Structures are given as structure tokens and as C-alpha cells.
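The overall description is kept apart from the remarks on single residues.

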Amino acid sequence: MSFAALPERLALVRAEIARRQAAGGWTHEVTIVAVTKGFGPDAVTAAFGAGLADIGENRVQEAVRKQEELGPGSKGIRWHLIGHLQRNKAKLVPGRFALVHSVDSLELAMELHRRASDRLRVLLQVNVAREPQKSGCAPEQAPGLARQIATLPALQLEGLMTIAPFTDDEDVQRRTFRSLRALRDTIKEEGLWLPILSMGMSADYATAVAEGATVIRLGTVLFGPRGQETTP
């Protein structure tokens with residue numbers, strides 16, 4: 001499959017990031033995680049060739065398969081696990097991912113801690129909008145859970161992650177992202193600094209950037225619609 005349009009799409013994304021940051025008064029770097037879920041290893045190669053070293057996958061097995069297919073070609077890639085992680089898949093994570101965005105319980109954190117040999121960078125996923133179909137801890141649980149995870153020597157808790165409701169209503173998106181930032185600030189006041197805010201996907205990344213996102217997770221806006229290839 002051809003990804004010839006990727007460089008142009010990436011340039012438009014970066015221009016929008018710059019515009020939204022300038023409007024919001026933000027100066028920090030925004031990391032773009034190219035989400036290759038549903039595409040083959042050629043999407044990973046195309047993203048890396050376009051200057052995107054951060055690659056996101058929703059499922060552990062799909063990431064492992066691509067890593068094995070790419071072999072030495074995956075050198076230099078920073079893999080991110082952004083989807084829900086079941087505890088029985090935790091053994092596959094250490095050594096394969098630079099950052100796990102989706103730690104949503106103390107039980108999962110402890111399982112990753114047990115499996116990790118080196119320090120594993122993680123984020124705490126918060127279900128800010130309280131949507132029953134989505135993973136993540138409740139906002140009121142986040143401060144205490146963050147403090148507990150931060151005590152686990154094999155884990156390095158670096159921030160928070162959320163997924164906004166799937167809607168075109170920018171006010172709803174903005175409230176979700178602003179609430180995550182406010183939650184991070186509350187945790188900071190309690191003595192724990194979590195610099196990463198992973199929030200914003202293809203449909204709402206501009207709003208997330210305006211609200212202070214430091215990491216955005218982009219798939220279709222970079223690669224086009226999925227469906228041309230089938231990946232389990």
C-alpha cells in the first residue's frame with residue numbers, strides 16, 4: 001500500500017499544531033505518535049521515513065508481529081502501547097515498548113512491575129468523561145492511584161492519558177482535555193509531577209493541543225482511512 005501522501009499530511013498536522021500552540025500560549029514540544037493499527041509494517045516504515053520515530057499500536061500482539069516482521073528495520077523506532085492492556089498480556093510488554101499509555105489499575109501496574117527487568121515508562125489512563133465503554137480509572141481515583149504506581153520501583157510514571165468522547169462538539173472535547181490538565185495540576189500540588197499529557201487523536205488533536213497536550217496519537221489523519229488492509 002502506498003503512503004505517498006504522508007509527508008504532506010504530516011506537514012499540515014505540524015502547521016496546525018504550531019497554530020494552536022501559538023493561540024494557546026504553549027511553547028512545549030508536542031510528540032506525534034503515528035498509530036499504525038490496522039496497517040501493515042509498510043506504514044511503520046513510511047512513518048519512520050517521514051521523520052516519525054514514535055509508533056503507536058493498540059494491541060500487543062499486532063505490535064509484536066510488526067516488530068518481528070521488520071526485524072533490524074525497526075531499529076530507532078520508539079514503540080508506544082496505546083490500547084487497553086489485559087493483565088495476561090503484560091509479560092509481552094517489557095523490552096518492547098518505550099511507553100505504555102494505558103495503565104488503568106493498580107493490579108495492572110503491579111503485574112507490569114513484576115514482569116519488568118528495567119524501568120518501564122507508563123502513563124495512567126483516566127476516563128475523564130466516565131464513558132462506560134472505555135477503559136481508564138475514574139478522575140477521583142487518579143491522584144491516589146498515581147501515588148501508588150509511583151512507588152513501584154520497576155515503573156516510571158510520567159503522565160496521564162485520556163480519550164475524549166467521539167463527537168464533533170469542540171466544547172465537549174475541550175472540557176475533557178482541560179479536565180485532564182487540571183487533574184495533572186492537582187496531582188502536582190500534592191507533590192507528584194507528571195509532565196506528559198497524552199490526549200488527542202485524529203478527530204480532535206487540534207483541540208487537545210490548544211489545551212496543552214504534550215503527546216497526540218494520530219492514525220487516519222496521517223495514513224488515510226483503514227480498511228484497505230486487514231489486520232487481526
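**Note on the predicted model**

1. Leu183 is placed in helix H6, which covers residues 170-189; helices (H or I, at least four residues) and strands (E, at least two) are DSSP runs, numbered from the N terminus. Leu183 has a relative accessibility of 12% and therefore counts as buried, where buried means under 20% relative accessible area, exposed over 50%, and partly exposed in between (1.4 Å probe, protein chains only). Apart from neighbours within four places in sequence, Leu183 is in contact with Val126, Pro139, Ala142, Pro143 and Leu160; contact means heavy atoms within 4.5 Å. Pro143 lies 40 residues from Leu183 in sequence, with 8.0 Å between the C-alpha atoms.

2. On the basis of the work: this is a predicted model, in which local features need pLDDT of at least 70 and side-chain atom pairs count only at pLDDT 80 or more, while totals for chains, interfaces and linings use all residues. Residues are numbered from 1 along each chain as its sequence is written, and side-chain values use heavy atoms, with hydrogens and water left out.

3. On confidence: the average pLDDT of the chain is 95, and 97% of the residues score at least 70; pLDDT is the predictor's confidence in each residue, from 0 to 100. Residues 228-232 have a pLDDT below 50, and this stretch has 13 contacts in the model beyond near neighbours in sequence.

4. On the overall fold: the chain contains eight helices and eight strands. Its radius of gyration is 17 Å, close to the 17 Å that the globule rule gives for 232 residues, so the chain is as compact as a globular protein of that length. The radius is taken over C-alpha atoms, and the globule rule is 2.2 Å times the number of residues to the power 0.38. The C-alpha trace spans about 50 × 40 × 30 Å along its principal axes. Among contacts with a separation of 6 or more, 60% join residues 24 or more positions apart.

5. The accessible surface is about 10700 Å², and carbon and sulfur atoms account for 51% of it; accessible areas come from the Shrake-Rupley method with a 1.4 Å probe, and for residues only the protein chains shown count as cover. The 29 positive and 26 negative charges have mean positions 3 Å apart. Lys and Arg count as positive and Asp and Glu as negative, whereas His and the chain ends are not counted; a charge is placed at NZ of Lys, CZ of Arg, CG of Asp or CD of Glu.

6. A second residue of helix H6 is Arg184. Is Arg184 buried or exposed? Arg184 has a relative accessible area of 9% and so is buried. Leaving aside neighbours within four places, its contacts are Leu160, Trp193, Leu194, Pro195 and Leu197. The C-alpha atoms of Arg184 and Leu160 are 7.2 Å apart, at a distance of 24 residues along the chain.

7. His101 belongs to strand E4, residues 99-103. With 0% relative accessibility, His101 counts as buried. Beyond four places in sequence, its contacts include His80, Leu81, Ile82, Leu124, Met161 and Arg217. Leu124 is 23 residues from His101 along the chain, and their C-alpha atoms are separated by 6.6 Å.

8. Helix H3 (residues 60-70) has as its buried residues Val60, Glu62, Ala63, Val64, Lys66, Gln67 and Leu70. These buried residues pack against helix H2 (41-49), strand E2 (54-57) and strand E3 (78-81). Arg65, also found in H3, is partly exposed, at a relative accessible area of 30%. Arg65 and Ser105 are 40 residues apart in sequence, and their C-alpha atoms are 26 Å apart. Just after H3, Gly71 has a positive phi of about 55°.

9. Arg130 sits in the loop between strand E5 (120-125) and helix H5 (142-150). Its phi is near 55°, a positive value in a residue other than glycine. Arg130 is exposed, with a relative accessible area of 51%.
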